[in-house]
Structure formats: C-alpha cells, structure tokens
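Q: Can we go through the helix packing in this one? I'd like to take the contacts one pair at a time.

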Amino acid sequence: MSPSLDEDLNPQFDERVTVEAAQKGDTEALGILYEYYFPRVFRFVSVRVFQQEDAEDIVNDIFMRIVSNINRFRWEGAPFGAWVFRIARNEVVNHIRRSSRQLEKEPLFDSIPDEKRDHVGDLEKEEALEYVRAASASLPAAQRDVIALRFGADLSVAETAKVLGKTENNIKVLQHKAIVRLREIVKL
C-alpha cells in the first residue's frame with residue numbers, strides 16, 4: 001500500500017517541518033519534497049500525456065513552479081500534497097491545450113536504433129498505452145482526472161477528493177462511471 005500524502009516510507013519524515021524548512025530556503029528540504037513527490041507526480045503526468053519527453057518536461061515545469069511558489073502555500077484546509085497535485089493538474093491541462101493547437105506528431109522512438117532495446121515489447125506497450133489513453137480521452141474531464149490521480153498517481157480516494165476539491169463520495173461515483181465507460185470502450 002502506498003503512503004498517504006502526509007506520510008513517507010522514512011519514519012523521520014515530517015512533511016510540515018520539511019515544507020516549512022523549504023519555505024525558509026532550505027535546499028535539502030526542497031530535495032526531500034522532490035524525492036517524495038516526484039514518482040507520484042511523474043506517474044500522474046505520464047497517464048495524461050502521450051510522449052515520455054513531454055511528461056519529463058511537464059514534471060520539470062511542475063517542480064519549478066512548486067519551488068518558485070512554495071512560499072505561497074498555507075496550511076489551510078488542504079495538505080501540501082493536494083497543492084502539489086493541483087499544480088500538476090494545471091500544468092497537464094495547459095500542456096494539453098497547447099499541444100491540441102500543434103499539428104505535428106512526434107515519432108514513437110528516437111531515430112537512433114538501440115540494439116539492446118526490446119523494440120517489439122516497447123511498441124506493444126506503447127500501443128496498449130495509446131489505446132487506453134485514447135479510450136480515456138473520451139471520458140469527461142472530471143472522470144479523466146479521477147482516473148489519472150487514482151491510478152496514475154496512486155492517490156487514495158480521500159487524497160483525490162482533496163486535490164480536486166470534491167467529496168469522497170463524488171470521487172467514488174466518478175471513478176465507478178469512468179471504469180464502467182472504459183470497460184465498454186475497450187470491451188474487457
């Protein structure tokens with residue numbers, strides 16, 4: 001089971017103390033927050049964005065925004081993790097808007113062949129991911145967000161509710177509807 005937004009696998013990690021230290025300019029505290037949130041933010045972005053390189057760029061932008069705005073965060077109502085994922089969600093939405101205006105497509109893989117790479121396996125994974133992404137693109141935005149946060153970022157129902165500013169019951173309903181719709185689309 002994954003840790004909640006307020007816990008870490010390291011029992012000495014105290015998110016509040018770490019955030020407050022980061023707000024005072026402690027670069028080590030910023031590093032701790034980065035290491036803690038990076039994997040989950042990256043999974044969240046990867047679920048929503050088609051190209052790996054785009055996901056990496058977006059995650060970089062997210063953490064730059066977190067660092068430059070960390071002093072604006074206040075412990076009022078929502079945990080730090082909800083603030084992080086709101087920034088992540090906004091950056092993904094902005095990227096999707098920008099990329100929907102671009103007509104050019106990027107290649108699936110680099111043009112330089114890698115003899116050790118399992119190209120068939122990579123292609124199969126990419127095709128499966130593309131299929132799921134295309135199916136989820138037909139979902140309403142709220143359902144897409146719930147699926148990306150719940151399964152991409154591995155957030156709990158409660159954490160997802162905090163990020164999206166919805167009730168836990170609303171998240172459960174949105175998740176159920178999204179899964180039912182995805183099953184219909186992919187005919188599982």
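Q: Which hand is the crossing of α6 and α7, left or right?
A: In this predicted model, α6 passes α7 in a right-handed crossing.

Q: At what angle do α6 and α7 pack, and how far apart are their axes?
A: The angle is about 135°, and the axes are 10 Å apart. Helix α7 covers residues 157-164.

Q: What does that make α6 relative to α7?
A: Oblique, because angles over 145 would be needed for roughly antiparallel. So α6 is oblique to α7.

Q: Which residues meet there?
A: From α6, Asp145, Val146, Leu149 and Arg150. They meet Val157, Thr160, Val163 and Leu164 of α7.

Q: And by class, how many are nonpolar, polar and charged?
A: The contact of α6 with α7 has five nonpolar residues, one polar and two charged.

Q: Switching to α2 and α6. How do their axes run?
A: The axes of α2, residues 27-48, and α6, residues 141-152, come within 8 Å and cross at roughly 140°. The two helices are therefore oblique to each other.

Q: Which hand is that crossing, left or right?
A: The crossing of α2 and α6 is right-handed.

Q: Which residues make the contact?
A: On the α2 side, Arg40, Arg43, Phe44, Val47 and Arg48. On the α6 side, Arg144, Asp145, Ala148, Leu149 and Gly152.

Q: How do those divide by class?
A: The contact of α2 with α6 has five charged residues, four nonpolar and one polar.

How values were computed:
Residues numbered from 1 in each chain as written. Predicted model: local features only at pLDDT ≥ 70, side-chain atom pairs only at ≥ 80, totals over all residues. Heavy atoms only, no water. Axes fitted to C-alpha atoms, helices over the stretch in contact; angles between N-to-C directions. Helix = DSSP H or I, 4+ residues; strand = E, 2+ residues; numbered from the N terminus. Parallel < 35°, antiparallel > 145°, perpendicular 65-115°, else oblique. Left-handed = near helix turned anticlockwise from the far one by under 90°. Contact = heavy atoms within 4.5 Å. Nonpolar A, V, L, I, M, F, W, Y, C, P; charged D, E, K, R; others polar.
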